[in-house]
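User: Hi, I'm new to this one. Can you put it up and walk me through it?

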Amino acid sequence: MPGGYARYVLILMASINFINYVDRFILPAVATSIQSEFKISDTQIGIVATSFTLVYAVAAFPFGFWGDRGARRKVIAFGLAVWSLATLVTGFTRTLPQLLVSRAVLGIGEASYYPAGTSLLADHFPKSSRGRAIAIWNAGSVFGIAVGFTAGGLIAARFGWRTAFFVSGVPGLILAVLAFNMREPARGSVEATATRTR
């Protein structure tokens, strides 16, 4: 594995992936509490989850386009800030439409990460160690799912479901600043030829 800065980028990217999935999986962990407070049905909470998924799928295309042509660190930082703010706002929602909008915006933000993140990470690691780097990066998502479910439920039980979203949203804003300040490697920098993007 490359040393120094590439390892820092991998740790940062895995941490962002971790927060990505924590923010995504808090909702199912606290759904029962939200349903009870908002007086909404299983179908309605399912629609809330679907709003995230559909928006995520559609938003991935323009973010992929931006990631191919712009600075990937900026794409990542922008998306991370958007989804972290959406997570915080979810904790303030009072109605079903507000909840729908906040989760849809979460989908917009999170759609930014994989197109730009995969490309950026690939330019920090050569083919000989890229598989291991991607494995470590993806491990962040699995841990994020586990923590989103478990910690989300525990925090909601002790402090209320809104607190779970507040606790999850703040770290993402800190990571967004770190992501914005990452070095932008030249495209193909670890290959035979490279193309630099600002």
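User: Where is glutamate 110?

Analyst: Glutamate 110 sits in helix α4, which covers residues 96-110. Helices here are DSSP runs of H or I with at least four residues, strands are E runs of at least two, and both are numbered from the N terminus. One caution: this is a predicted model, where local features need pLDDT of at least 70, side-chain atom pairs count only at pLDDT 80 or more, and totals for chains, interfaces and linings use all residues. Residues are numbered from 1 along each chain as its sequence is written, and side-chain values use heavy atoms, with hydrogens and water left out.

User: Is glutamate 110 buried or exposed?

Analyst: Glutamate 110 is buried, at a relative accessible area of 0%. Buried means under 20% relative accessible area, exposed over 50%, and partly exposed in between, using a 1.4 Å probe and protein chains only.

User: What does glutamate 110 touch?

Analyst: Leaving aside residues up to four places away in sequence, glutamate 110 touches Asn20, Asp23, Arg24, Phe52, Tyr56 and Trp83. Contact means heavy atoms within 4.5 Å.

User: Let's zoom out. How many helices and strands are there?

Analyst: The chain has seven helices and zero strands. Its radius of gyration is 17 Å, close to the 16 Å that the globule rule gives for 198 residues, so the chain is as compact as a globular protein of that length. That radius is taken over C-alpha atoms, and the rule is 2.2 Å times the number of residues to the power 0.38.

User: What box do the C-alpha atoms fill, and how much of the chain is buried?

Analyst: Along the principal axes, the box is roughly 60 × 30 × 25 Å. Of the 198 residues, 48% count as buried. Among contacts between residues at least 6 apart in sequence, 82% join residues at least 24 apart.

User: Now the packing. At what angle do α3 and α7 pack?

Analyst: Helix α3 (residues 72-90) and helix α7 (residues 161-180) pack at about 165°, and their axes are 7 Å apart. That makes α3 roughly antiparallel to α7. Axes are lines fitted to C-alpha atoms, for helices over the stretch in contact, and angles run from 0 to 180 degrees between N-to-C directions. Under 35 degrees counts as roughly parallel, over 145 as roughly antiparallel, 65 to 115 as roughly perpendicular, and the rest as oblique.

User: What kinds of residues make the contact of α3 with α7?

Analyst: They divide into 15 nonpolar, six polar and two charged. Ala, Val, Leu, Ile, Met, Phe, Trp, Tyr, Cys and Pro count as nonpolar, Asp, Glu, Lys and Arg as charged, and the others, Gly among them, as polar.

User: And what about α1 and α3? What's the angle there?

Analyst: Helix α1 (residues 5-38) packs with α3 at about 30°, with axes 11 Å apart. That makes α1 roughly parallel to α3. The contact is made by Met13, Ile16, Ile19, Asn20 and Asp23 of α1 and Ile76, Leu80, Trp83, Ser84 and Thr87 of α3.

User: Switching topic: where is tryptophan 161, and is it buried or exposed?

Analyst: Tryptophan 161 lies in helix α7. Tryptophan 161 is buried, with a relative accessible area of 5%.

User: How far is tryptophan 161 from isoleucine 34?

Analyst: They are 127 residues apart in sequence and 7.4 Å apart in space, C-alpha to C-alpha. Beyond residues up to four places away in sequence, tryptophan 161 touches several others, including Ile34, Phe38 and Thr90.

User: Last one: where is lysine 39?

Analyst: Lysine 39 is in the loop between α1 and α2 (42-69). Lysine 39 has a positive phi of about 60° although it is not a glycine, and at 68% relative accessibility it counts as exposed.
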